[in-house]
Amino acid sequence: MNQAALIAKFLALLASLGAASFIYKQKLSYFSQIRIFMAASCLSFSGMIIFSFFPQAYPSLAQTFERACITLALLSAILVGLSSASIIDYPEKKGLRELFSAALDKGDKAFHFYLIFEALGIVITWIPAFSPQIPQLYTYVDEKSKMIFVVYEEWFSLYLLFCIILVWIYPVSKFLIYSRRTKDARTRTASFIFGIGAFMISSSALIFNVLFDMLFGLRIPFISPLVTAASYLAIAYAFRKSTILVGAFEAFSQRLGLKREKIEGEKILLEFDPSSNYPLIVRDFIIESLAHGEEAHIFTTPGSALHKLFRKHAKVKLYLLSAQTNMIKKSPYNSELWLPLENLSILLGKICEITSTETKKCIVFDNLSILALHTEPAKVYKFLTYMTEETSRKRITMLVLFNPKAHNEKFVSAIKTLFNIQLSYGSEGLKTIKTSYF
């Protein structure tokens with residue numbers, strides 16, 4: 001391997017690893033639910049680069065290393081396909097199981113055909129390794145450079161070419177169409193980058209390793225990994241850009257069909273199904289509030305979904321309600337404070353302290369049901385009444401999470417009387433139960 005190719009691959013490896021790490025950390029991006037898919041796709045590309053170093057040192061295993069690279073490339077294609085389906089077709093679904101279940105219920109033939117064809121490519125890649133009578137790959141040594149190349153049989157090349165075309169037809173076109181359909185300019189830009197990035201990732205090897213050789217007689221295999229790495233860096237930028245834009249286009253307010261100013265100072269009750277992806281709604285609420293210059297305060301329990309989502313966000317103050325403490329305790333993290341779960345006086349005192357300043361702020365209380373299970377319902381109702389009155393005087397926007405299935409009908413009805421806006425979030429997504437504006 002010449003020095004230029006070695007340097008190019010090493011730089012591409014560093015770039016892809018950095019992009020994977022950055023993408024994975026973007027928990028508050030509008031596209032946060034696909035960050036694991038995209039980060040895993042980056043890591044697959046990193047694995048391809050690592051395996052590409054070995055054929056020159058171990059010529060007898062060159063075909064095995066090539067199969068490993070093909071496998072990772074097809075895996076990356078599957079992950080990009082899952083990303084496009086998750087964010088565009090099934091945005092409310094949490095996790096792979098829910099995604100596949102929803103696609104099955106919908107009868108999404110394009111989704112299933114794409115995944116099956118790409119996955120079948122992985123199987124076909126390895127069958128000839130155990131059945132030598134099936135021609136698939138052969139090794140070629142360039143006389144001038146002495147570099148080892150693995151060449152594909154025509155039938156296998158055609159199959160992989162169709163795999164690439166499927167990437168263009170399915171995830172690439174989905175992202176590009178989505179970029180034209182969505183209203184927000186910055187969302188369009190991010191989606192467009194996803195589409196072009198997926199196109200370049202799937203096509204760079206075809207363009208620089210095959211077409212340049214056929215049309216111009218140039219063999220420049222070191223260009224392809226650099227272009228692919230640059231595409232992943234662009235995707236990482238799109239995640240960052242969409243992290244900024246979530247609040248800018250008022251994602252939470254738009255879900256309700258309202259302008260931001262209509263919900264400022266309101267008390268909102270969110271009835272949720274614990275098995276649903278309800279943190280997505282809270283995320284939109286918090287980021288929108290931050291984008292409008294409000295402080296964000298979240299009352300939750302240690303290890304909850306919201307705790308995990310926001311614990312490393314410097315602009316969000318977390319109050320962890322625990323039955324294991326009877327006093328206010330500082331956390332090693334500056335943005336966290338422990339409060340006694342069963343002492344409502346201390347909780348109300350902390351809320352009064354928050355509301356005492358004149359700065360704009362929002363409060364999320366997650367979740368009222370846990371509080372009710374540790375305290376008498378009458379006391380919880382009284383506490384909630386004081387809390388809503390206190391925040392109303394200062395026009396503080398408050399979102400209270402509540403699991404109605406954990407309580408009797410009388411308690412649920414009493415709680416609902418305290419809120420002008422009532423929402424529910426379950427398997428069918430967000431629904432508006434009551435609002436004073438409709």
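Leaving aside its neighbours within four places in sequence, which residues is Ile78 in contact with? In this predicted model, Ile78 is in contact with Tyr114, Leu115, Glu118, Ala119 and Ile122, once those neighbours are set aside.

**Overall make-up**

- Taken along the principal axes, the box that the C-alpha atoms of the protein fill is roughly 85 × 45 × 40 Å.
- The protein has 438 residues, and buried residues make up 53% of them.
- When contacts between residues at least 6 apart in sequence are considered, 68% of them join residues at least 24 apart.

**Ile78 and its setting**

- Ile78 lies in helix H3, which spans residues 62–89, and the residue counts as buried because its relative accessibility is 15%, where the cut-off for buried is under 20%.
- The C-alpha atom of Ile78 is separated by 8.8 Å from that of Val167, although the two residues are 89 residues apart along the chain.

**Helix H3 against helix H6**

- Helix H3 packs with helix H6 (residues 154–181) at an angle of about 25°, and their axes are 10 Å apart; the two helices are therefore roughly parallel to each other.
- The crossing in which H3 passes H6 is left-handed.
- On the H3 side, the residues that make this contact include Ile70, Leu74, Ala77, Val80 and Gly81, while those of H6 include Phe156, Leu160, Cys163, Val167 and Tyr170.

**Helix H5 against helix H6**

- Helix H5 (residues 109–130) also packs with H6, here at an angle of about 150° and with the axes 10 Å apart, and that angle makes H5 roughly antiparallel to H6.
- H5, too, passes H6 in a left-handed crossing.
- Among the residues of H5 that make the contact are Phe111, Tyr114, Phe117 and Glu118, and among those of H6 are Trp155, Phe156, Cys163, Val167 and Tyr170.
- The contact of H5 with H6 is made up of 16 nonpolar residues, two polar residues and one charged residue.

**The sheet and its edges**

- Nine strands form an open sheet with mixed pairing, in the order S6-S7-S5-S4-S8-S9-S3-S10-S11.
- Strand S6 (329–330) and strand S11 (429–434) stand at the edges of this sheet, and each has a single partner strand, so one side of each is left without a neighbour in the sheet.
- Strand S4 (residues 295–300) and strand S5 (residues 316–322) pair in the parallel sense over five bridges, and within this pairing Ile298 stands opposite Leu318 in S5.

**Strand S3 and its two partners**

- Strand S3 (residues 267–272) is mostly covered, with six of its six residues buried.
- Lys267, Leu269 and Glu271 point one way from S3, whereas Ile268, Leu270 and Phe272 point the other way, and all of these residues are buried.
- S3 pairs in the parallel sense with strand S9 (residues 397–402) over five bridges, and here Lys267 stands opposite Met398 in S9.
- S3 also pairs in the parallel sense with strand S10 (residues 421–426), again over five bridges, and the bridge partner of Phe272 in S10 is Tyr425.

**Ser424 in strand S10**

- Ser424 lies in strand S10 and counts as buried because its relative accessibility is 18%.
- Not counting residues up to four places away in sequence, Ser424 touches Leu270 and Glu271, together with Gly429, Leu430, Lys431 and Ile433.

**Helices lying across the sheet strands**

- Helix H11 (residues 279–291) lies across S3, S4, S5, strand S8 (361–365), S9, S10 and S11, and runs at about 165° to S8.
- Helix H13 (residues 344–355) lies across S4, S5, strand S7 (336–340) and S8, and runs at about 140° to S7.

Technical notes: Residues are numbered from 1 along each chain as its sequence is written. This is a predicted model: local features need pLDDT of at least 70, side-chain atom pairs count only at pLDDT 80 or more; totals for chains, interfaces and linings use all residues. Side-chain values use heavy atoms; hydrogens and water are left out. Buried means under 20% relative accessible area, exposed over 50%, partly exposed in between (1.4 Å probe, protein chains only). Helices (H or I, at least four residues) and strands (E, at least two) are DSSP runs, numbered from the N terminus. Two strands pair if DSSP finds at least two bridges between them. Axes are lines fitted to C-alpha atoms, for helices over the stretch in contact, and angles run from 0 to 180 degrees between N-to-C directions. Angles under 35 degrees count as roughly parallel, over 145 as roughly antiparallel, 65 to 115 as roughly perpendicular and the rest as oblique. A crossing is left-handed if the near helix is turned anticlockwise from the far one by less than a right angle, and right-handed if clockwise. Contact means heavy atoms within 4.5 Å. Ala, Val, Leu, Ile, Met, Phe, Trp, Tyr, Cys and Pro count as nonpolar, Asp, Glu, Lys and Arg as charged, and the others, Gly among them, as polar.
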